[in-house]
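Biologist: Before we talk, could you put the sequence and the model up, so that I can ask about a few backbone details and the terms used for them?

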Amino acid sequence: MTRVFKIPIHVSQPELVRPETSTPREFKYLSNIDDQFGLRNHIPFVHFYPPSEDLRARDPVALIKQALAKVLVYYYPVAGRLRSSDNGKLVVDCCDEGVVFREADSDITMAEVNRINGGLKPPFPMWDQLLVDDIWGSYLIIDVPLLRMQVTRVACGGFILAYTFNHCICDAYGAYQFITALSEFCLNLNLIAPSNLPSWGREILNPRTPPIISHHHLEYDISDSPTLTYTETDFKLLAQTSIFFSNSDISLLKNQLDGRRNPTFDAVASCLWKARTHALTNPNAITRLLFPIDTRFRCKPLLPKGYYGSAVVFPCAIAKANEVMGKPLHYAVSLISEAKKRVAGDEYRASVLDFIEMNERRGFCMDEAFVVSDMCRLRFAEIDFGWGGGVYGGPGRAGTGLKPGMVTSIIGHKNEEGVEGVLALVSLPLESVDRFHMEVRKQIESATSLNLVAAL
């Protein structure tokens, strides 16, 4: 957990950056996955770059701004606006109106930023200053810019790049692809095209005629509670925190799983689910764990190389809260494994597209729901704009999604001691943070105790 910390920073007025050359004026179809209500929100990211002795005279703001105009030629829908269409459907108006860009300057150094929070990792106490145009919840979706970016120079010669995408235009993989292309133009402003050309291809995910709902979609069950629209204040009332799982911690968790080979995600997500359920949930309630699975490379019809739209389905594990809390870790892991099996194959994605079509883009069931988004394979920290790899690169904060505290992201991370592992970004009520951390450590320490007993 962290407190808000104001640093001396001057942020410029926003400007709109447009594609450098003319681009097609047209309307683009969004798939039902793109524009479902559950993804009508924003996904923020941040990168921290220390100074480079070779590049002290080079201005990262001017470079990134120039490269942004070039990359938008290829990603021209990002410079457009979402418009409402028939039956609540959204479309992209490729109107060339541009994306928001701000420059900023601070007298603080990267070393001082590092000391503020005991290492460069979320939560960042100065987040509201690093991306003043950040958007919480489901606000500012249509008729507004789809990307908002800020580059902050720091006194030592390093810089901080922060940005947020409208989730309807891309998922985390698509954001990573876009920013990688941006970095390529920063490395070579004379580049003809990015190495991975973007592809729209959303029409491949059209619903069938007639639609066929072939699966029970637990993730879209109708909620018992009324549908609410949460304000920015509702999101910010929760505390931001993060928890680091070293590779040793992850091995200890996996050792509890009956000797079976299980993915790191399953072990970490199960641990987080159990800890959060202990900290927040009535034992008599039904709890759900949702986790996005990228179908780009899994399902037919295959999506084209360079596809940057949302391509995820959301398996849902469901159980009584007292069982998640009271049973061993491998119980939660088994629920995740079973949920994965239910979405295997090509038919599940097709059924999701048809379900959304027939149910007016119904949002996710949010009753006691917890979403864990796995970004471990997206190496944001390694993206090089000419200053080398970043000190940190990845999600800017927890608290994304439509409901405060519902979504957690996990990323690969190396801590300040150089230990590698996984970092989970979490938002919780302040009074529940200590309990949550305690429950996570209890699960890891119980694995240590089991190992000691086994060794006797």
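Modeller: Let me begin with a definition: buried means under 20% relative accessible area, exposed means over 50%, and partly exposed lies in between, computed with a 1.4 Å probe on protein chains only. This is a predicted model, in which local features need pLDDT of at least 70, side-chain atom pairs count only at pLDDT 80 or more, and totals for chains, interfaces and linings use all residues. Residues are numbered from 1 along each chain as its sequence is written, and side-chain values use heavy atoms, with hydrogens and water left out.

Biologist: Why is Glu-368 called partly exposed?

Modeller: Its relative accessible area is 33%, and because partly exposed lies between the cut-offs for buried and exposed, Glu-368 counts as partly exposed.

Biologist: Why does Leu-140 count as partly exposed?

Modeller: Leu-140 has 45% relative accessibility, and therefore counts as partly exposed. Its phi is positive, near 55 degrees, and Leu-140 is placed in the loop between helix 4 and strand 8 (147-153).

Biologist: What makes the peptide bond from Lys-300 to Pro-301 cis?

Modeller: The omega of that bond is near 0 degrees, and Pro-301 is in the loop between strand 12 (293-294) and strand 13 (312-313).

Technical notes: Helices (H or I, at least four residues) and strands (E, at least two) are DSSP runs, numbered from the N terminus.
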